[in-house]
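Please keep the structure open while reading.

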Amino acid sequence: MEPLPPDHGYNSKILRSWARRTGYKSYVSGECYTSSSDVEASHPAHATTQPLSPPQRPQSNHHASVTSQKGAAKENTDQRPVEFMKIPPPPPPPVAFPVDKKASEAYQNAGSQHGNGEIYKLPRNAHSKVVVPSETADDVLLAKQSDMKFEIREYPVPSILHGLQHYLSMAGSIVLIPLVIVPAMGGTDEDTAHVVSTVLMVTGLASLLHTFLGSRLPLIQGPSFVYLAPALTIINLTEFQRIGRDRFKRTMQELQGAIIVASTFQTFIGYSGLMSLLLRFINPVVVTPTIAAVGLAFYTYGFPVIGSCVEIGIPQMLVVLAFALYLRRISVFGHRIFQIYAVPLGLTIVWAYAFLLTAGGAYNYSGCNPHIPSSNIVSKACRKHSFTMSHCRTDISSALKTTAWFRFPYPLQWGKPTFQWRSASIMMVAAAIACVDSVGSYHASSLLVATRAPSPGIVSRAIGLEGLSSILAGLFGIGTGASTLTENVHTIAVTKVGSRRVIQIGACLLIFMSLFGKIGALIASIPPVMVAALLTVMWTMVTALGLSNLRYSETGSSRNVIIVALSLFLALSIPVYFQHYASSSKMITLPNYFNPYTVAAHGPIRTNFEGLDFFLNTMLSMSMAIAFLIAFVLDNTVPGSRQERGTYIWSKGATVRNDIAASKDYFLPKSVARFFSWAKWVGV
């Protein structure tokens, strides 16, 4: 028997340097090949060594035999030197060597985003037990998805089906916003179909740009709910409500100009590198209430619209929830179709049910024509039933009849944008919130599919490209900006497909589909009640995903809980105060669910500057803006450790450049990167 020869590898040198500082002693050399159960530390006050083994990792029979040999050897340390048999080393763990204080703190703050296994931290005094970071099921899931079917640089086959799957699972987030804003602008059914087709085009183009030139993570870029509240505020301005002819086009031109200006501001923040500096102030405690408030803000729209035809609206909501919750574990050919396709499947089933009700005469009333506007109905009996017919029948929309089979969406199709400071200022607030939303999505998705988290420069570059994508959305005219959709992270986690090639192929499919006008017309024909039911589920999902960001911090901390709770409470309470003024002074009759968006012209703030009044009244009536401001101030002023706050850990630029795998994940294509080698501050 002879002792094992020393290991002269790089990892052993690291361990020896650590051992000199801490007094670590090992029975054998070559520590980098030992399992985590073999990590030991010496007690400086005694001659014998004390083994310290973390309880998380179960020992195999082979490891147990090695441990028993060590235990026997330890009992004889005072009598004679110990020699060991030369045995084959066990498989190396992902990370099995101690690290310094800074790296250990980074691990505990960010979960295991920088490694594949446990990292052990030894206290300086060596009197305490080895500290092993605790791992929950979510931590293991997010650490590095070993069960992901396809990661960021892998090419699944068939890619077309996977790409279609990814976009279908997020269909509600992509196409439902036009069905809300276009009718509110006075647009026709044909206008709604055209905007839906344009949304498909812009979503495809923006997603392609982001996967090639942005963060390069597999994230879909499309119309975000973040822009919906500011858009509705502009739409419901008194001056646009009073327009009789071409109201849709004039309102859309106002939205286009506001989005272009706000997106230019966002582009500057990103490509100037300013976002890299702001990242230190944006953490889970800020992201959580901000994104949750985006979904909660639309509570006035959800059930009030569903209640206009409960026999269709409630089944629609319940069917989608049943698929997403109760049937989520059912697999068909290895795919959880009910969980992945909850929205399109639920829509198809309930739409067919609603069609049968209409075809069966459930909403037929003697002498009443459902296609005559209620304002032109003379009969009192028909006027009584006009509300039910307009909300419950599936044949009200004329989009399929009036829309052409083929139509190519093009920039400035609604006319020349108009630029006004007041509208642009509100959209700038939305652009800032969209940046916060995207930061949370970048971090969460990188834990799922990438080698390591992106660097601040890469995040800044991605935000800059989102600004360019929103400028593109403003030029085409979709009514909102284009940014990272929050539901991306959920879709990747459910489908286990994180390949950016899938996103690119799916984006090409969307661009192709946008050329067929009848596809947009079919989507535009969805009854408003069903749209409201689907949006209720989608806004619930946005709220849930926002709250899930809190898991990166200490959820049991009273500091964090109070900040998040106060931000959300005031985000719902303060707008109500402003809405009291709007409801008592508004001049034009609007549906009650649009009352929160009429504050701009009738809010309580009155100064000598009309533009300032508009900005303050509007901003303080938007839940997401209030939640962001309160959480941002409190999280960055109330004392708390980095671990307690859950501070996002971003990779250093040099680390990404020196890591071959990470550089392939995030770096721009070589044909493009060579023109921007000077722009180091955006991670090129």
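This is a predicted model: local features need pLDDT of at least 70, side-chain atom pairs count only at pLDDT 80 or more; totals for chains, interfaces and linings use all residues.

Helix axes are lines fitted to C-alpha atoms over the stretch in contact, and the angle between two of them runs from 0 to 180 degrees between N-to-C directions. Helix α17 (residues 342-359) and helix α25 (residues 528-548) have axes that come within 11 Å, crossing at roughly 155 degrees. Angles over 145 degrees count as roughly antiparallel, and α17 and α25 are therefore roughly antiparallel to each other. Their crossing is right-handed.

The side of α17 that takes part contributes Val343, Leu347, Val350, Trp351 and Ala354, which meet Met530, Leu534 and Met538 in α25. By class, the residues of this contact are 8 nonpolar, with no polar and no charged.

Helix α8 (residues 189-213) packs with helix α21 (residues 456-476) at an angle of about 160 degrees, and their axes are 10 Å apart. That angle makes α8 roughly antiparallel to α21. The crossing of α8 and α21 is right-handed.

On the α8 side the contact involves Thr198, Met201, Val202, Leu205, Ala206, Leu209, His210 and Leu213; in α21 they meet Arg461, Ala462, Leu465, Glu466, Ser469, Leu472, Ala473 and Phe476. The contact of α8 with α21 divides into 11 nonpolar, 3 polar and 2 charged residues.

How many disulfides does a search of the whole structure find? It finds 1. The disulfide is formed by Cys309 and Cys392, with sulfur atoms 2.0 Å apart. About the S-S bond the angle is 130 degrees, and the link is right-handed. The two cysteines lie 83 residues apart and join distant parts of the chain: Cys309 sits in the loop between α14 (302-306) and α15 (310-326), while Cys392 belongs to helix α18 (residues 380-392).

Confidence remains to be considered. The chain has a mean pLDDT of 78, with 76% of its residues at 70 or more. Confidence is highest in helix α29 (residues 623-635), at a mean of 95, and lowest in strand β1 (residues 40-42), at 36. Over residues 1-86 the pLDDT is below 50, and this stretch has 113 contacts in the model beyond near neighbours in sequence. Residues 94-146 also stay under 50, with 108 contacts beyond four places in sequence.

Note on methods
Residues are numbered from 1 along each chain as its sequence is written. Side-chain values use heavy atoms; hydrogens and water are left out. pLDDT is the predictor's confidence in each residue, from 0 to 100. Helices (H or I, at least four residues) and strands (E, at least two) are DSSP runs, numbered from the N terminus. Contact means heavy atoms within 4.5 Å. Angles under 35 degrees count as roughly parallel, over 145 as roughly antiparallel, 65 to 115 as roughly perpendicular and the rest as oblique. A crossing is left-handed if the near helix is turned anticlockwise from the far one by less than a right angle, and right-handed if clockwise. Ala, Val, Leu, Ile, Met, Phe, Trp, Tyr, Cys and Pro count as nonpolar, Asp, Glu, Lys and Arg as charged, and the others, Gly among them, as polar. A disulfide is a pair of cysteine sulfur atoms within 2.5 Å.
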